[in-house]
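Here's a walk through one protein model, written for someone who likes to check the geometry for themselves. Have the viewer open and follow along.

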Amino acid sequence: MADQQLEVLIQAGLLAGTEIYGHETLMSTTISSVVQISPPDAVSRRGVSWTGMAGEIVHANRRGRINFHFRAPVHMLAMYERSVRYEGRTLIQGLPQSTLRDCSRKLVFVPAGHEYHDWHEPRTLPRVAFFYFNAARLASGPELGFSGISMSFAPQLFFEDSTLWDTALKLKTLIENDESDNRLYLEALGTVLAHELARRNTGGRCAEAKVHGGLLAWQRRTAVDYIEEHLAEPISLAALAQRVRLSPNCFCRAFSQSLGMPLHRYHCRQRIERAKTLLAKAGASVTDVGLTVGYSEASAFCTAFRRVTGLAPSTYRRTLR
């Protein structure tokens, strides 16, 4: 391991509680890659490393733009405990970018080798926990119980999982309080957290939807919020289905049953609802409103608007006067 990497770990606190007998031993027991944050003095970092895993708590200590970047041969789970931003953008390689303003109580998962970039112009000072998983190390340790479990994961951006959140919160609290005498408990919780991630990634993706036929409350909320956030953009069925932990086919069926219409029709109707709100405001032309809600041509916008409302956009605007 390069001396520069060692220095990063020491500065981030990820070597706390780990005895170092040389680079070879360190490589077998710790995680060497952490999220890069700039400017570095905008945050405080506290962390610990153990067999095959590591975790750190990051608290912003001042206002101003903060950048997070990560790409490494290890998995990373981010726990956004508190994060509300005026502006910002979050991107994981393989998924559409997100401009979600309130990221509080959301989780983000970045598989090994995937690019993660996040920038915040914070409204509230963010508090984030990062957990790192060395899949190869876990798979090689039969005592951890990962034999035969696939550790190949898909990226997930701003999702909710109460079970995963509760385990991560317990682990974060141990790290934050520096309870070194609870080392065995810390390692046990880390193993449970890894198993929770494996649970999300393997088998039974249609099981939840089949219980009641439609989306669960949290799945519906996640889908609707995502559509609202990306109203003017093409909606990726695969990305949306992945957010609610369903296959695309299962998601389509469950969405139609819960919302009463297919995804593409719901997306169109929400665009028109937004357009109606914009048309009620003076100053914006019909063409500008169409562009704002995702129609590149005025004729396509007028056709879609008439199909939903029975009126042309200009006629609808006159009815408001």
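**Overall picture**

Keep in mind that this is a predicted model. The protein's secondary structure comes to 13 helices and ten strands. Of its 321 residues, 46% are buried. The accessible surface is about 15,200 Å², and carbon and sulfur atoms account for 51% of that. If you take the contacts between residues at least 6 apart in sequence, 71% of them join residues at least 24 apart.

The mean pLDDT of the protein is 79, with 79% of the residues at 70 or more. Among the elements, strand β4 (residues 66-70) has the highest mean pLDDT, at 95, while helix α2 (residues 23-29) has the lowest, at 32. Over residues 141-145 the pLDDT is below 50, and that stretch has five contacts in the model beyond near neighbours in sequence. Residues 203-211 also have pLDDT below 50, with 14 contacts beyond near neighbours in sequence.

**The sheet**

Now for the strands. Six of them form an open sheet, in the order β2-β3-β9-β5-β7-β10, with antiparallel pairing. At the edges sit β2 (43-50) and β10 (156-159), each of which pairs on one side only. From one strand to the next, the twist averages 15°. As background, strands of a sheet pair through backbone hydrogen bonds, either parallel or antiparallel.

| Strand pair | Sense | Bridges |
|---|---|---|
| β2 and β3 | antiparallel | eight bridges |
| β3 and β9 | antiparallel | seven bridges |
| β5 and β7 | antiparallel | five bridges |

Towards β9, H59 stands opposite R127. Strand β3 is also mostly covered, with seven of its eight residues buried. The hairpin of β2 and β3 has two residues between the strands, and G52 there takes a positive phi near 75°.

Further along the sheet, β5 covers residues 75-82 and β7 covers residues 106-110. Within that pair, L77 has F109 of β7 as its bridge partner.

Which helix lies across the sheet strands β2, β3, β5, β7, β9 and β10? That's α4 (residues 162-177), which runs at about 85° to β5.

In general, nonpolar side chains tend to be buried together in soluble globular proteins. Here the largest nonpolar core has 47 residues, and the ones with the most contacts inside it are F70, M76, V108, Y116, F130, F251 and F255. Helix α9 (residues 248-259) gives this core its largest share, five residues. Another core, of 24 residues, lies apart from it and includes A129, F131, F153 and L186.

Pick M76 to see the packing up close in the viewer. Leaving aside its neighbours within four places in sequence, M76 is in contact with V35, F70, V108, F109, V110, Y116, F130, F131 and Y132. Among these partners, F70, V108, Y116 and F130 also turn up in the list of residues with the most contacts inside the largest core. F131, another contact of M76, belongs to the core of 24 residues.

Most residues other than glycine have a negative phi, and most peptide bonds are trans. A few spots here go the other way. The peptide bond from S38 to P39 is cis, with omega near -5°. P39 lies in the loop between β1 (36-38) and β2.

R105 isn't a glycine, yet its phi is positive, at about 60°. You'll find R105 in the loop between β6 (85-92) and β7. R245, also not a glycine, has a positive phi near 60°, and its place is in the loop between α8 (237-243) and α9. Is R245 buried or exposed? Its relative accessible area is 12%, under the 20% cut-off, so R245 counts as buried.

Conventions:
Residues are numbered from 1 along each chain as its sequence is written. This is a predicted model: local features need pLDDT of at least 70, side-chain atom pairs count only at pLDDT 80 or more; totals for chains, interfaces and linings use all residues. Side-chain values use heavy atoms; hydrogens and water are left out. Two strands pair if DSSP finds at least two bridges between them. Helices (H or I, at least four residues) and strands (E, at least two) are DSSP runs, numbered from the N terminus. Axes are lines fitted to C-alpha atoms, for helices over the stretch in contact, and angles run from 0 to 180 degrees between N-to-C directions. Contact means heavy atoms within 4.5 Å. A nonpolar core is a set of buried Ala, Val, Leu, Ile, Met, Phe, Trp, Tyr and Cys residues joined through side-chain atoms within 4.5 Å. Buried means under 20% relative accessible area, exposed over 50%, partly exposed in between (1.4 Å probe, protein chains only). Accessible areas come from the Shrake-Rupley method with a 1.4 Å probe; for residues, only the protein chains shown count as cover. pLDDT is the predictor's confidence in each residue, from 0 to 100.
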